[in-house]
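Here are my notes on this one, as numbered points you can check against the coordinates. Have a look at the model first, then read on.

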Amino acid sequence: MIHSTFAKFSFAGFLLVSAGLVAGPSAAQTTNSQMNGLKLSNDQPIQIESDQLEIREQEKKAFFTGNVKVVQGTTTLQAGTMVVHYRGEGQTVTQGNADIEKIDVAQKVFLSSGTQQATADTGYFDMTQQVFVLEGERVVLSEGQNVFVGCKLTVQMNSGQAKLDSCGRRVQIQLDPKSQQSN
């Protein structure tokens, strides 16, 4: 069953961007934040839809192409293509026992979780290193009226540590003061 292929991976909680992403003046090129709610889990089923699926067992890859949509709980990932790289002798995607190494997504990547959203040109999830990266000419993260723009978002999935790079330009942040929670 294809749905169980991703049992070791969860898209839930990928974007827990908050107003706390703001750093001091040295943040002209990079902004760091702690995304405490980011975590991996396999407690919810994952639905995957695409126009086409091609499995290349010899290469240990599964190619999802055309209108790819992955849903787990309140989190949705959409892209034009998604390639799942897996490993292990006797491991197959079709039996649901594949050990996933990396997932590549491309062609207008959109990620939504609750009130948070991100868009990018490409992205990947390195399951071995527990790193999630979105890249593009303009990587946009938003939560309500708060918007963060850069060219590369790197999230350490184990710790929730996140970094937004500008790639030679400047990181742009627009914050809505009304979004701050009262203490």
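1. Let's start with a loop residue. Ser-166 lies in the loop between S10 and S11; strands here are DSSP runs of E with at least two residues, helices are runs of H or I with at least four, and both are numbered from the N terminus. Is Ser-166 buried or exposed? Ser-166 is buried, at a relative accessible area of 2%. Buried stands for under 20% relative accessible area, exposed for over 50%, and partly exposed for what is in between, with a 1.4 Å probe and protein chains only. A polar atom of the Ser-166 side chain sits 2.9 Å from the backbone oxygen of Arg-169.

2. Some ground rules before going further. This is a predicted model, so local features need pLDDT of at least 70 and side-chain atom pairs count only at pLDDT 80 or more, while totals for chains, interfaces and linings use all residues. Residues are numbered from 1 along each chain as its sequence is written, and side-chain values use heavy atoms, with hydrogens and water left out.

3. Now confidence. pLDDT is the predictor's own confidence in each residue, on a scale from 0 to 100. Its mean over the protein is 76, and 70% of the residues reach 70 or more. Residues 1-28 have pLDDT below 50, yet this stretch has 92 contacts in the model beyond near neighbours in sequence. A contact means heavy atoms within 4.5 Å. Over residues 33-41 pLDDT also stays under 50, and the model has 35 contacts for them beyond four places in sequence.

4. Of the 183 residues, 43% count as buried. Take the contacts between residues at least 6 apart in sequence, and 52% of them join residues at least 24 apart. The accessible surface is about 9,500 Å², and carbon and sulfur atoms account for 45% of that; the areas come from the Shrake-Rupley method with a 1.4 Å probe, and for residues only the protein chains shown count as cover.

5. On to strand pairing, where two strands pair if DSSP finds at least two bridges between them. S5 (residues 75-87) runs antiparallel to S6 (residues 99-113) over eleven bridges, with Thr-76 opposite Ser-112 in S6. S6 in turn pairs with S7 (residues 116-126), again in the antiparallel sense, over ten bridges. Val-105 has Gly-123 in S7 as its bridge partner. The hairpin of S6 and S7 has two residues between the strands, and Gly-114 takes a positive phi near 65 degrees there.

6. Thr-75 is worth a click. Thr-75 belongs to strand S5 and is buried, at 1% relative accessibility. What does the side chain of Thr-75 make a polar contact with? The partner is the side chain of Ser-113, at 2.9 Å. A polar contact is a pair of N or O atoms within 3.5 Å; within protein, one must be able to donate a hydrogen and the other to accept it, and residues adjacent in sequence count only if both atoms are side-chain atoms. The C-alpha atoms of Thr-75 and Gln-117 are 9.6 Å from each other, with the two residues 42 apart along the chain.

7. How many salt bridges does the structure hold? There are seven, each being a side-chain nitrogen of Lys or Arg within 4 Å of a carboxyl oxygen of Asp or Glu. One of them joins Glu-137 and Arg-169 at 3.6 Å, N to O. That pair links distant parts of the chain, 32 residues apart: Glu-137 is in strand S8 (residues 131-143), and Arg-169 is in the loop between S10 (161-165) and S11 (172-174). Glu-137 is exposed at 59% relative accessible area, whereas Arg-169 is partly exposed at 39%.

8. Some other charged pairs. Lys-102 and Asp-104 meet through their side chains in a salt bridge of 3.5 Å, N to O. Lys-102 is partly exposed at 31% relative accessibility, and Asp-104 is partly exposed at 23%. Lys-163 and Asp-165 form another salt bridge, with their closest N and O atoms 3.9 Å apart. Here Asp-165 counts as buried at 13% relative accessibility, while Lys-163 is partly exposed at 34%. Glu-54, Arg-56 and Glu-59 make up one network, joined by salt bridges that share partners.
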